[in-house]
Amino acid sequence: ALYITDECINCDVCEPECPNGAISAGEEIYVIDPNLCTECVGHYDEPQCQQVCPVECIPHDPNHKESKDDLMAKYKIITAAM
Ligand code: SF4
Ligand code: SF4
């Protein structure tokens, strides 16, 4: 999963781009739900939020390291629940 750092300027550009609905406005900055973030695996070749963020504050989350296979498995679970 990816996460949003405190450099976030709350511009709201990333939230509508997420195919998994993983991004939402938190108390101070935008946040990513690691249970829903597939790093866009299953939908796109590149993380869409990273593409649009004007301050590049969305790195990989060191606490949620996942392989492509892990992310694809998560994608399948999420889409099965939709
Ligand atoms: Fe959503 Fe993709 Fe960003 Fe993860 S990487 S939060 S799935 S847009
Ligand atoms: Fe924050 Fe970047 Fe999302 Fe804008 S695009 S709300 S700066 S994480």
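On a 1 Å grid over the protein atoms alone, a cavity is a set of points where a 1.4 Å probe fits but cannot get out, and its lining residues have an atom within 4 Å of a point. Grid points are joined across faces, edges and corners, and a volume is the space filled by probe spheres set on the points. The structure is a predicted model, in which local features need pLDDT of at least 70 and side-chain atom pairs count only at pLDDT 80 or more, while totals for chains, interfaces and linings use all residues. Residues are numbered from 1 along each chain as its sequence is written, and side-chain values use heavy atoms, with hydrogens and water left out.

By this rule there are two cavities of 30 Å³ or more. The largest has a volume of about 90 Å³ and is lined by 14 residues, among which C18, A22, C37, C40 and C49 lie nearest its centre. Its lining is made up of eleven nonpolar residues, two polar and one charged, where Ala, Val, Leu, Ile, Met, Phe, Trp, Tyr, Cys and Pro count as nonpolar, Asp, Glu, Lys and Arg as charged, and the others, Gly among them, as polar. The second largest cavity, with a volume of about 70 Å³, has a lining that includes I4, C8, Y30, C53 and I58, and this lining divides into ten nonpolar residues, one polar and one charged.

When neighbours within four places in sequence are left aside, I58 is in contact (heavy atoms within 4.5 Å) with L2, Y3, I4, I32, C49, Q50 and C53.

N20 lies in the segment before the strand β1 (23-25), strands being DSSP runs of E of at least two residues and helices runs of H or I of at least four, numbered from the N terminus. N20 counts as buried because its relative accessibility is 7%, the limit for buried being under 20% relative accessible area with a 1.4 Å probe and protein chains only. A polar atom of the N20 side chain lies 3.1 Å from the backbone oxygen of L36. T38, in the loop between β2 (30-32) and α1 (48-52), is likewise buried, at 0% relative accessibility, and it touches N20, L71, K74, Y75 and I78, not counting residues up to four places away in sequence.

Note on methods. Chains lettered and ligands numbered in written order. Buried < 20%, exposed > 50% of the residue type's maximum accessible area, 1.4 Å probe, protein only. Polar contact = N/O pair within 3.5 Å; in protein donor to acceptor, adjacent residues only side chain to side chain. 1 Å grid on protein atoms, 1.4 Å probe; cavity = no way out; pocket = protein on both sides within 12 Å on 5 of 7 lines; lining within 4 Å.
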